[in-house]
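This report describes one protein structure for a reader who has not seen it before. The sequence and the structure come first, and the description follows.

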Amino acid sequence: MDFFINNWILILAAFVSGGMLVWPLVTRGVAGSTVSPSQAVLLINREKGVVIDVSEPAEFAQGHIKDAKHIPFGQLESSTQLPSNKALPLIVVCPTGARAVRAAATLRKAGYQNTHVLAGGMAGWREANLPVEKSS
């Protein structure tokens with residue numbers, strides 16, 4: 001017992017550092033995987049990844065990734081546009097990435113475990129100078 005009393009600072013430091021090591025593992029399970037625009041391109045080209053854009057129609061019309069499936073966030077759970085193969089990688093995107101995190105969680109609950117959020121959303125895609133299509 002004296003050991004714990006005399007070394008409480010070291011014990012506290014050990015718990016804090018252990019918590020800091022475990023935290024990324026805990027948050028990854030909740031928020032899911034985040035991919036950079038270049039990683040998203042690799043998923044699309046090498047693993048036949050499907051881009052799911054959960055933007056509102058006006059946002060989607062301003063610019064989206066080529067061949068992205070447009071499913072507004074509010075219609076995601078009832079959509080018939082989602083791929084039937086739940087093993088395909090899904091890259092979820094919105095203008096900033098915030099809505100995409102919630103959409104990815106919804107998709108994981110529906111059984112799509114290989115779901116990724118595009119880091120930075122469409123803003124990150126544009127910053128990486130990747131092509132953007134506009135709807136008329």
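## The largest pocket and its surroundings

In this predicted model, helix 3 (37-47) and strand 2 (50-53) each contribute at least two residues to the lining of the largest pocket. Helix 3 gives the largest share of that lining, namely three residues. The space in the largest pocket comes to about 200 Å³. Its lining is made up of V41, I44, N45, G49, V50, V51, I65, K66, D67, W125 and P131. Sorted by class, seven of the lining residues are nonpolar, two are polar and two are charged.

Two residues, K48 and D67, deserve a separate look. K48 has a positive phi although it is not a glycine, and D67 also has a positive phi without being a glycine. The table sets out their values.

| Residue | Phi | Relative accessibility | Loop |
|---|---|---|---|
| K48 | about 55° | 65% | between helix 3 and strand 2 |
| D67 | about 65° | 64% | between helix 4 (57-62) and strand 3 (69-70) |

Are these residues buried or exposed? K48 counts as exposed because its relative accessibility is 65%, and the cut-off for exposed is over 50%. D67 counts as exposed because its relative accessibility is 64%. D67 is also one of the residues that line the largest pocket. K48 sits in the loop between helix 3 and strand 2, and these two elements each supply at least two residues of the pocket lining.

The rest of the report turns to the whole protein. Its secondary structure consists of six helices and five strands. Read from the N terminus, the order of the elements is α-α-β-α-β-α-β-β-α-β-α.

What is the radius of gyration of the protein? The value is 20 Å, whereas a compact globule of 136 residues would have one near 14 Å. The C-alpha trace spans about 75 × 30 × 30 Å along its principal axes.

Of the 136 residues in the protein, 34% are buried. The protein exposes about 8500 Å², and carbon and sulfur atoms supply 61% of that area. Among contacts with a separation of 6 or more, 69% are between residues 24 or more positions apart.

Notes
Residues numbered from 1 in each chain as written. Predicted model: local features only at pLDDT ≥ 70, side-chain atom pairs only at ≥ 80, totals over all residues. Heavy atoms only, no water. 1 Å grid on protein atoms, 1.4 Å probe; cavity = no way out; pocket = protein on both sides within 12 Å on 5 of 7 lines; lining within 4 Å. Points joined across faces, edges and corners; volume = space filled by probe spheres on them. Helix = DSSP H or I, 4+ residues; strand = E, 2+ residues; numbered from the N terminus. Nonpolar A, V, L, I, M, F, W, Y, C, P; charged D, E, K, R; others polar. Rg over C-alpha atoms; globule rule 2.2 N^0.38 Å. Buried < 20%, exposed > 50% of the residue type's maximum accessible area, 1.4 Å probe, protein only. Contact = heavy atoms within 4.5 Å. Areas by Shrake-Rupley, 256 points an atom, 1.4 Å probe, with all protein chains shown as cover.
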